[in-house]
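Please keep the sequence and the model in view.

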Amino acid sequence: MLAIIGAMDEEIELLLADLTAHEQLTFPGVTLHRGVLDGVPVLVTRGGIGKVNAAMTTTYLLTQGATRVIFTGVAGGVHPELRVGDIVVSTDCIQHDVDVRALDYPLGTVPGELPAWPADEVLRAAALDAAREVGGVHVVSGRIASGDQFIASREGVQRLWTTFGAACAEMEGAAVAQVCSKAGVPFVVIRSVSDTADHDANVDYRTFMPLVARHAKQVVRGMLSRLASMPA
Ligand code: ADE
């Protein structure tokens, strides 16, 4: 079964509105919505903000039979070509706020784990294909940098770009990636850019988030028709 996670209500309510055969599964802190979207059996949920919520939600989804996971939402653009409304499809995810350098691990590396969690190539190809159908936006294939921080400074953007080569900054993707990777479940993260993570990021985020969340949702809908014909 295909699972679709968004961090916030705005990011999933557009999908829930079209879910048929809708039933709710309630767990501590999380509600999963099971149903059918464009003919595809899905689990849809709001995962909450931050890596802990994302990891917990992903774990519930896997226990309920998720065999492929799409994370959809907004992000702060880090790649210099990204503007508000543009779309990033993940190549891989890293945790930019992990720092175990005192024990000789590179910045961003969780001891004993992969330095970065690569996205699934089939899901990536479907996402890129669908993203290119969203008119008037630039689509970038790139690294997602996740951390429990809202990035809102030029120095913050610069650090993510030079240290990690990140395309965008958000707060959940790498946690989903880490859990899926342990379970051998394919995943991809799709983010539309709500701000450029600099000093105006808080204002831009509040202004553009509901609008650009539609782009990520459009990509998910575009992926459904492509995935419907593929084995799960
Ligand atoms: N999500 C959207 N914009 C973001 C930013 N600037 N930093 C972290 N997460 C975000």
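A polar contact is a pair of N or O atoms within 3.5 Å; within protein, one must be able to donate a hydrogen and the other to accept it, and residues adjacent in sequence count only if both atoms are side-chain atoms. The model is predicted: local features need pLDDT of at least 70, side-chain atom pairs count only at pLDDT 80 or more, and totals for chains, interfaces and linings use all residues. Residues are numbered from 1 along each chain as its sequence is written, and side-chain values use heavy atoms, with hydrogens and water left out.

In the side chain of Asp195, an N or O atom lies 2.7 Å from a nitrogen atom of the ligand. Backbone atoms also take part: a nitrogen atom of the ligand is 2.8 Å from a backbone N or O atom of Ile151, and one is 3.2 Å from a polar backbone atom of Gly76. Taken alone, the ligand exposes 270 Å², of which the protein buries 96% (accessible areas by the Shrake-Rupley method with a 1.4 Å probe). The ligand is surrounded by 13 residues (a heavy atom within 4 Å), and Phe150 and Glu170 are among the closest.

The record is considered next. In an unreviewed entry, UniProt lists residues 2-224 as "domain: Nucleoside phosphorylase"; such annotations may be inferred rather than shown by experiment. Over residues 2-224 the chain is 35% helix and 32% strand (DSSP runs of H or I, at least four residues, and of E, at least two). The end C-alpha atoms of this range are 9 Å apart.
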